[in-house]
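Open the model in your viewer and keep the selection tool handy. We will go from one stop to the next, with a note on what to look for at each.

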Amino acid sequence: LSRRLLQNQSHLLEALAHLEATLDFADEDISPDDEQAIVHRLTRVSEDLGKLLQGAVLGRQLVEGFELAIVGRPNVGKSSLFNRLLGQDRAIVTPQPGTTRDLLESALQIHGIPVQLTDTAGLRETPEAIEQEGIRRARERFQGADAVLLLLDSSIGIQPEDREIAKTAPSDRTLLIWNKQDLTKTQPMPGPEELGLPQTVKTVSISCKSGEGFVDLLEKIADYFGSLPVDGEGSVVMVARQREILQKTISHLARAEAVLLHGQNEELVAISLREALQSIGELVGKTSHNDLLDLIFSSFCIGK
């Protein structure tokens, strides 16, 4: 991580040196980078920092586990699926809707991949305050999970509540699960497009009671997590502070690029670059003003 950050710090110092030379030594015979060259430098740094952030997310997932949330309306079998995947009775299972009031989490491995599995409250309209809070937390986890198992009841088909839930489903991270295959022989089950989801959403039919379809389900979950993009130079593990500083650095660079592309004052570009360097300096050591001056005087014929 330090090596990559130091390389990018060096690229930014070079870009800022060219800008400062233009601004502070305009009367000298120097040939600084043109705007297009500076934009190219900034884009290269932004892309590399973006890859680091992507690798940081995957690094966090590999250490803490991928977040996999089970969601759906009440009584479709979410807690039964949770227990079946864990191989133990962790969640209470009853025919009464609203039994699960809060998030229930547990760690497991699926084909060697670490997973943090979450059972959520059934999504429905309810006047009860405690259940409302559980549903709010469920929706929050639903949107933030690395992958979602959207569970439906194959014995009664698609219900209006299912369609409402599907509207907010992150389609690129959702696996459609038809439960209770032991109660129906209807084949095939409705496709994802009948819920308003893209055809690319994978579908699995299972029975939490008999275990039917679980080999297929586990393979599809593992295939999804195993297909996530990985930075060619490997993943890194960062604390939240490091990720926030990298994101802040990328924001400073985006602002500098926007100013350059719109032909605005180069002073504003220099300010954004200084802020970006200050952000990286928080991770790898401060960049002093002398470093910048040394680079300017060593790169250009100034005062000769």
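**A walk around strand 5**

Begin by selecting strand 5 and strand 6 (residues 203-205): three bridges pair them in the parallel sense. This is a predicted model, so treat the tour as a look at a prediction. Within that pairing, leucine 176 sits opposite threonine 203 of strand 6.

Next, show the side chains of strand 5. Which residues point which way? Thr174, Leu176 and Trp178 go to one side, Leu175, Ile177 and Asn179 to the other, and all are buried. With six of its six residues buried, strand 5 is largely enclosed by the rest of the structure.

Bring in helix 5 as well: together with strand 4 and strand 5 it makes a right-handed β-α-β unit. In the loop between helix 5 (160-167) and strand 5 (174-179), pick alanine 169. Is alanine 169 buried or exposed? Its relative accessible area is 12%, under the 20% cut-off, so alanine 169 counts as buried. Then select glutamine 143, 26 residues from alanine 169 in sequence, and check the C-alpha to C-alpha distance of 7.4 Å.

**Last stop: helix 8**

Finally, select residues 266-284, the 19 residues of helix 8. At 1.5 Å a residue they should span 27 Å, and the end C-alpha atoms are 27 Å apart, which agrees. Buried residues in helix 8 include Val269, Leu273, Leu277 and Ile280.

Notes
Residues are numbered from 1 along each chain as its sequence is written. This is a predicted model: local features need pLDDT of at least 70, side-chain atom pairs count only at pLDDT 80 or more; totals for chains, interfaces and linings use all residues. Side-chain values use heavy atoms; hydrogens and water are left out. Helices (H or I, at least four residues) and strands (E, at least two) are DSSP runs, numbered from the N terminus. The expected span of a helix is 1.5 Å times one less than its number of residues. Buried means under 20% relative accessible area, exposed over 50%, partly exposed in between (1.4 Å probe, protein chains only). A crossover is right-handed if, with the strands pointing away from the viewer, the path from the first strand over the helix to the second runs clockwise. Two strands pair if DSSP finds at least two bridges between them.
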